[in-house]
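Good morning, colleagues. Please bring up the sequence and the structure, and I shall take you through selected features of two chains.

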Amino acid sequence: MAALLTRIRTRLTLHTHRRVASLLDGGWASVFHGQSLDFDDLREYVDGDEIRDIDWKASARHSVPLVKRYTDHRRLRLALVVATGRSMDAAATGGESKRDLAILLAGMAGWFAVRGGDEVCLIASDGHRTRMTRPESSEAGLEHLLRRILAHRGTQDSSTVIDHLDWMSSRLRRRHLVIVISDEIDVTDAHLRLLRKASSHHELLWLTITEADPLALAADGDVPFDVAATLAGTAAGTVRAGASVPRLLAKDAAVARDYAAAETARRENTARVLRAAGIVTERVGASAQALPAIHRAAERHRRAR
Amino acid sequence: MVTTPMLWLAIALAVLALAAVLVAFLLPARSRGRTPVAYLSRLTALPAYVRARRRLLLGSLAGLAVLALTAVFALAGVARPTVQETISPKRHLRDVMLCLDVSGSMITYDAEILESYIEMIDSFDGERIGMSIFNATGVTVFPLTDDYDMAKEFLEDAHAGFTSYGTEGLDFIAPTQPPVVTGSSLIGDGLVNCVESFDRLDEEERSRSIILATDNELAGEPLFTMPEAADHAVERGVRVYALAPSRYYFPAPLEELEAAAETTEGEFHSMSDARAVDRIVTSVQATEAALTDGRLVTLFHDRPVLPLAGTGIGVLALLVLVWRLRL
């Protein structure tokens with residue numbers, strides 16, 4: 001039953017142990033500003049550990065540096081705000097389904113939390129409106145959350161994480177670590193107020209799943225079509241006329257130039273708005289980038305504290 | 001008129017091509033490479049994209065149109081346009097029977113008459129001539145024909161026969177004098193025999209003439225008298241041109257002959273007149289010859305220039321389009 005999480009955990013253990021360890025050993029606790037941190041034990045220093053965690057006195061008596069490990073007595077509440085709408089069925093930059101990538105990201109973040117004894121809840125659309133799940137603190141519970149993301153495959157829902165954040169801002173009173181997992185929605189100045197509010201009330205990390213480039217796909221002999229243009233009630237892949245990119249157009253230099261310029265402008269604008277709201281963002285295009293992105297986001301967030 | 005003898009092939013090819021296009025459209029598109037992407041409108045709403053797409057659409061339509069036109073031209077070429085031309089050589093529909101009296105009284109003149117006939121043949125053009133001789137009975141030497149060489153050969157043989165009194169060439173005397181028939185020089189019978197030699201009396205409107213060389217010296221009991229024979233000729237629409245040796249002593253038979261000839265709207269000429277033969281020929285040719293179509297000859301001319309030129313230009317245009325669109 002725990003198929004989704006098993007796969008994610010395999011991926012985590014296959015990756016460098018150091019990053020995982022450092023992420024677990026210092027990352028999430030930073031939400032709580034050092035309160036209620038009890039000294040647990042010492043262990044050898046490995047690359048990536050915070051210098052400030054080194055126990056200099058203990059290290060002096062040892063041949064290698066030692067770092068202090070702390071135990072968090074309070075339970076951290078992780079809220080995964082995940083986009084599950086129609087656009088998530090499209091391809092990410094790496095060619096995988098964005099939904100699969102979102103499950104991977106949510107699963108990784110959730111697994112770190114669950115393994116650290118923290119609670120995880122999912123804030124996502126149920127197809128009609130935003131719902132928040134009951135907090136889960138077990139791997140089975142996390143698997144259940146991931147399956148909810150998967151269950152929306154093929155949905156016609158067009159909600160975005162902005163809707164979820166809007167919903168969350170008026171209902172989630174307790175301070176959470178909020179990890180937003182979304183594709184490249186348009187984040188504009190109109191959302192700035194909402195984002196600032198959420199960012200000040202919670203610890204906000206924003207993981208952006210980057211979109212596939214339709215022109216690159218078309219140039220590769222692929223026929224990219226708009227996932228939103230799939231005709232209801234027809235065979236899979238039957239799309240409205242004009243909702244796919246002909247291969248010949250991928251060679252058009254003017255189109256490529258204009259598209260690149262437009263995309264750059266849009267991304268810069270999104271990044272600017274998120275930065276203005278004080279939100280740490282990382283971009284993920286393929287599953288191989290998932291773990292480093294989470295790690296980087298956690299590191300940056302800790303430093304930004 | 002343009003006909004297309006290979007039209008079935010062109011139609012078959014067109015049907016095949018249409019079927020292939022239909023199958024290509026109806027078959028499911030290749031499974032490879034259909035990737036869903038989100039927010040495609042960020043690309044498709046770009047003015048540059050809209051322009052490029054319109055250009056591509058117009059280019060494709062132009063290419064399709066050129067391709068269709070080229071195909072039509074090529075199929076038109078396959079259909080093998082042919083111009084059919086029917087030639088109908090006009091022919092003079094005149095029949096002339098040479099009717100020669102070879103009775104004893106005429107023997108001395110016959111060689112001369114045959115010479116006149118040979119001369120006459122040279123001035124014919126398109127007419128059919130035939131020859132029949134008679135004394136006690138009528139014999140056809142050669143039937144109506146436009147083979148002048150053959151006729152001339154016969155006449156020259158006959159001429160040799162008369163000048164050598166039967167020792168060489170054709171002997172006209174013995175066959176026309178069978179022992180079972182009494183009398184000789186049965187001119188009326190000979191003329192009737194001659195009249196009966198004309199064929200296609202009911203089928204074709206032809207000008208029919210007889211050149212009758214005789215002295216009209218009857219020696220026996222004929223079945224037809226001269227006026228009866230003339231009436232028969234009139235009945236069949238045959239003109240009789242009489243050619244008689246000059247006689248000063250017994251003009252009555254010649255007068256009867258002249259009367260008979262005039263009954264049939266023909267003429268009477270004396271052999272003393274050096275130009276008698278010319279006049280007869282002129283008269284014969286002056287009679288309004290019914291002109292009719294000869295055997296129809298159908299010629300087929302291929303007309304490949306337009307389809308081939310169209311196909312060539314179409315292929316060139318396609319190449320230019322492919323080059324321009326960088327397909």
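Let me begin with a definition: two residues are in contact if their C-beta atoms, placed from the backbone, lie within 7 Å. On that basis, in chain B of this predicted model, 81% of the contacts with a separation of 6 or more are between residues 24 or more positions apart. Chain B has ten helices and eleven strands, and 32% of its 327 residues count as buried.

Let us now turn to one helix of chain B. Following helix 7 of chain B is Gly237(B), with a positive phi near 70°.

I move to chain A and a pair of helices. Two packed helices are described by the angle between their axes and the distance between the axes. For helix 6 (residues 161-171) and helix 7 (residues 192-201) of chain A, the axes come within 10 Å and cross at roughly 50°. Helix 6 of chain A is therefore oblique to helix 7 of chain A, and the crossing is left-handed. Helix 6 of chain A contributes Leu165(A), Asp166(A), Met168(A) and Ser169(A) to the contact, while helix 7 of chain A contributes Leu194(A), Lys197(A) and Ala198(A). By class, this contact has four nonpolar, one polar and two charged residues.

Terms used
Residues numbered from 1 in each chain as written. Chains lettered and ligands numbered in written order. Predicted model: local features only at pLDDT ≥ 70, side-chain atom pairs only at ≥ 80, totals over all residues. Helix = DSSP H or I, 4+ residues; strand = E, 2+ residues; numbered from the N terminus. Axes fitted to C-alpha atoms, helices over the stretch in contact; angles between N-to-C directions. Parallel < 35°, antiparallel > 145°, perpendicular 65-115°, else oblique. Left-handed = near helix turned anticlockwise from the far one by under 90°. Nonpolar A, V, L, I, M, F, W, Y, C, P; charged D, E, K, R; others polar. Buried ≥ 20, exposed ≤ 12 C-beta atoms within 10 Å, placed from the backbone.
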